Amino acid sequence: MKRLFSSITDGRGFDLVLVGVPFTFLLALSGLPLAYNILMSFQEVDMFSLGSVIRPFVGFKNYVDLLTQPETMSILRNTIVFVVGSITGQFLVGFALALFFWINFPGASWLRGLFLVSWVMPGLVVGAIWNWILSGDFGVLNFLLQQTGLLNGNIFWRSDPNFSLWAVILANIWLGTSFNMILLATGLAAIPADLYEAAEMDGANAWQRFWTITLPMMRSTIGAIIALGLIFTLQQFDLFAAITDGGPNNSSNVAQYWAWDLSFRQYDFGKGATISVIMTVFVMFAATVYVRSTRHEVRG
Amino acid sequence: MSENARNRLLLALSIVMAAIYLFPLYWMYVTALKSGSEMFATPPSFWPSAAQWSTFAYVWESRNMGRYLWNSTVIAFGAVALIAILGTGCAYVLARYRNIWVDVGLFLILMFQVLPASLMITPIFVGFSQLGLLEYPRLAVILAITAKSMPFFVVLVRATFMAVPMELEEAALVDGNSRIGAFFNIVLPLARNGILVSAILIFMQAFGEFVYSKSMIQDIQFQPASVGLNSFMGPNTSEWNNIMAYATMYVTPILAIFVLLQRRIVSGLTSGALK
C-alpha cells in the first residue's frame, strides 16, 4: 500500500494516474456510446423500449429500411454538396486572404486575427444573423445583389428548395473561412524565405514562384486543412437548426442533422443510431487522413 | 512607391476586407438598434435613424435572459473546470514521453475529438436516460461537453507543455522534489498561460453549445442561451430587431474576451491545431 502510494506521488504511478483517469472518462463517455450506437443500430428502439437494454433484435432492418426510404438518396447527395461546397469555399477564400496578409505591413497580424471572431461566435448566433441577412423580402443580401445588378428579383434563400442548402453553405463558408486562413497563414510563415530569394535570382515571376514553391511546400498543410474542413463540416449542426431546419421538404437536410431529427423528433432512436454509425465511419476515415498528413509533426 | 505609402495602402485595403468580412456582425448590431418599422424599410438603412436602446431592456425582461445566460455560464464553467482538471495532467504525460504508447494515446485523443456531437447525442441520450442522469440535465450536458471538448484541450495544452524545458523539471527532481512537487511547483506555473488560453477557448465553445443542451434539457428552467435563442426564432418570426438584440447580449461578452486576448488565442490555436 505504501509502495503504491509512493509510486503515485513520485514514480511511474504518477504518470499512469494522470493519463489513466481522463482516458477512463473518455472511454466511458465516448467509447461506450460508440459501441452502444452500433448495438442500437441493430435494435428497434423507441420511446417505450428506451429504458431497457434488451430490445427486439432486428438485424440489418434499420440499414435496409434507411436505404429504401425515398429521401435517403437526396439527403446523402445534400451531404456531399454541403461538404464539397463548404470546404471549397472556405479553402479558396481562406487561402486568398492568407496570401494577402502574408505581405508584411504594420497591423497585418492583428487584423488577420480579427477575422477569427466568426469562429468563436456560438453557431446559433451565426445562424440567426445569416437567417436575417438571407431573408427573402427584407434581407440585406438580396438588396445588395440587386443594387450591384447581379439579381433582378428576390431569391427566397431559405424557403426555395433550389437555394435552401446553399443558404446554409454560404453561412458555413463565412464561419469556417477565418479558421482556414489562420492555419494557412501559419503554413505560409513556415516556408523558408531564401527559397524565394533564390527563385527570384533565377528569374522566376510571382506566378511561377507560387506554383513551384508555395504550393509544393504547403502540401502537407493543405492536406491537413482539407481533412480538418471535412471533420468540421460533418460536425456542423447549429446552422441547420438556425437557418432552414433541414427544410423545405428535406431540400437542405444533411446526414448529421437527419440523424438527430430521426432520434429526437421522430423518436426512432434505432434509425438515428444507424445513420450515426455510418457517418462516424466517414468521420474516422477523414481523421485518419488528417493524422497521415500531419504525421511528421505528430511527435513534435 | 515609398515604403510608407505602400504600407498605408495595404492597411487600408485590409481594413476594407475585414469590414466586408465582418459585415454580418455589424448587421446584427445595427438591426438590434432599429425600430420595428425601420427594420423592414426598403431600401434598408445602414445606420439606425433613431437608436432604440430600450429594445435591450425589453428583450432581457421578456425572454428572461438572465436565467438563460446564468445556465450557459454554469454549464460552461462546469465543463471547463472538469476539462482542466482531467485534461492538464493527460496533456503533460503525452508531452513528456515519446514512445509507441504516447502515439496510440494521441491517436485515440484525435479520434475522440472528431466525433460529431449530433451523432453522439443519440447513444449518450439513451444511455444517460437509462442511468437516470437526465434528472440532472445540466450535469448531463457538462459531462457530454467534457467528453467532446477535452481532446481539443489536451492537444492545445500538450503543445504548451512541449515548450517547457525538461531540464527544469529534472533539476527540481535532483533538488529533492517528488514528481508531484515538481509538477505543481515547476511545470504547471511555466505552462500557466497556455493552459489559461486553452481554457478560455473551451469556455467560449461551451458557452455556445447547442446540440447536447437542446436534446437533454427539457425543463426551460435549466436551458442555456443557445436553446433560448433557438426557441425565440420561430419559423415565421418577424421580430428580427428583438432577436438581434438577444444575439447581441449573448455574443458581446464572448467577442470582448476574444478581442482583448486575440493575440494569445490565435497563437495558442495555431500551435496546437496543426501538431
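**View 1. Chain A has 16 helices and zero strands.** Helices (H or I, at least four residues) and strands (E, at least two) are DSSP runs, numbered from the N terminus. The model is predicted; local features need pLDDT of at least 70, side-chain atom pairs count only at pLDDT 80 or more, and totals for chains, interfaces and linings use all residues. Residues are numbered from 1 along each chain as its sequence is written, while chains are lettered from A and ligands numbered from 1 in the order in which they are written.

**View 2. Confidence along chain A.** The highest mean, 94, belongs to helix α7 (residues 123-133) of chain A, and the lowest, 51, to helix α16 (residues 295-298) of chain A. Where pLDDT is low, the predicted coordinates should not be read in detail.

**View 3. The contact between chain A and chain B.** Chain A contributes 81 residues and chain B 79 residues, two residues being in contact if their C-beta atoms, placed from the backbone, lie within 7 Å. On the chain A side, helix α2 (residues 12-40) gives the most, with 14 residues. That side of chain A comprises 57 nonpolar, 19 polar and five charged residues. Ala, Val, Leu, Ile, Met, Phe, Trp, Tyr, Cys and Pro count as nonpolar, Asp, Glu, Lys and Arg as charged, and the others, Gly among them, as polar.

**View 4. The two domains of chain B.** An automatic or database domain assignment gives domain 1 (3-52) and domain 2 (69-273) of chain B. Seven residues of domain 1 of chain B are in contact with six of domain 2 of chain B.

Notes. pLDDT = per-residue confidence, 0-100.
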